[in-house]
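Try each task before you read its solution.

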Amino acid sequence: MVELVKDGSTGMEKVVLREPGGATAQVHLYGGHVTSWKNDKGEELLFLSSKAIFKPPKAIRGGIPICFPQFGTFGSLEQHGFARNRFWVIDPNPPPPPTALTGGNNGNGTSSNNNNNSSSKHQPFVDLILKHGEDEHKIWPHSFELCLRVVLGQGGDLTLITRVRNTDSKNFTFTFALHTYLSVSDVSEVRIEGLETLDYLDNLKDRERFTEQGNAITFDAEVDRIYVGTPTKIAIIDHEKKRTFVLKKEGLPDAVVWNPWEKKARAMVDFGDEEYKHMLCVEAAAVEKPITLKPGEEWRGRQELSAVPSSYFSGQLDPSKVLQG
């Protein structure tokens, strides 16, 4: 079931997706922003700050903001670009969804693959589109189409498929991220598997490059890193909730890991002082190597999120079963 409604508290339009098994998702037209993802038990799986501001030009704090055409401060635009604080529209004539991307893990993602996924016809989804306008052209002088498909799959898995098309007469270059805020019980009890031994850029140290040394990523202070050349599957294990988030991605070679911790949390007006304990951003991204599109060329990226019960082995969570399975 797919329904366009007005948010009772903000008055903004949003699309509600309902999966037959009971899972739901909500996508605000402002920002093309997924603001809720609940499992069949009604448990919220995304973090949304209690102080989130639903008012232009402020971006919504939490959910899954879209960072385009710039991630962070990797350029001259406002932080994370403008896509997350613009009003999108529902695409009335979307293309059929691809079953996979041919862009591999190199971040290019350019593809002419038009395979259909017949099972997706029975899954609730919505297609949104953002095109360049006068305001955007003043700060980023390129013509483009940015499309987003949000699919709520069987079992409640959440898939975001993004497409960027160059409708200009000249090349343009961009960086991109799906700034996913996950809801966790206590970030100090969470670990990330799948990024071991990889290089990362540390945003807290002027993007200096380091190599991850730990067996897993755990949290006891502020973290703001861009892991490069990452695998297509990452596991985020929440010990207390006995839940594992599995993030699968294509066309997005990097992974951003962020938690503001106490000091920065208190400095953000749209973020509760103690809320850093209950969120963790793990973001599929293309940052280290910006994407360049020629006129008429299209790039695609895909992220799939699932939440599964964590298994135990010798008293510890066994994320290898998730990564291998």
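**Exercise 1.** How many nonpolar, polar and charged residues are in the lining of the largest pocket?

*Solution.* Keep in mind that this is a predicted model. Start with the pocket itself: its volume is about 530 Å³. Next, find its lining, which is made up of 26 residues, and look for R61, Q79, H80, R84 and H179, the closest to the centre. Finally, sort the lining by class: 10 residues are nonpolar, 7 are polar and 9 are charged.

**Exercise 2.** Describe the second largest pocket, and find which strand gives the most to its lining.

*Solution.* First, the space: this second largest pocket holds about 320 Å³. Its lining has 19 residues, and those closest to the centre are N39, D40, A307, V308 and P309. Now turn to the strands. Strand β20, which spans residues 298-309, gives the most to this lining, with 4 residues.

**Exercise 3.** In which sense do strands β13 and β14 pair, parallel or antiparallel? Then trace their hairpin on your screen.

*Solution.* Locate β13 at residues 199-202 and β14 at residues 208-211; the two strands pair in the antiparallel sense, over 4 bridges. For a landmark, go to L201 and look across to R209 in β14, which stands opposite. Last, follow the chain between the strands: the hairpin has 5 residues there, and D206 takes a positive phi near 55 degrees.

Definitions and conventions:
Residues numbered from 1 in each chain as written. Predicted model: local features only at pLDDT ≥ 70, side-chain atom pairs only at ≥ 80, totals over all residues. Heavy atoms only, no water. 1 Å grid on protein atoms, 1.4 Å probe; cavity = no way out; pocket = protein on both sides within 12 Å on 5 of 7 lines; lining within 4 Å. Points joined across faces, edges and corners; volume = space filled by probe spheres on them. Nonpolar A, V, L, I, M, F, W, Y, C, P; charged D, E, K, R; others polar. Pairing = 2+ DSSP bridges.
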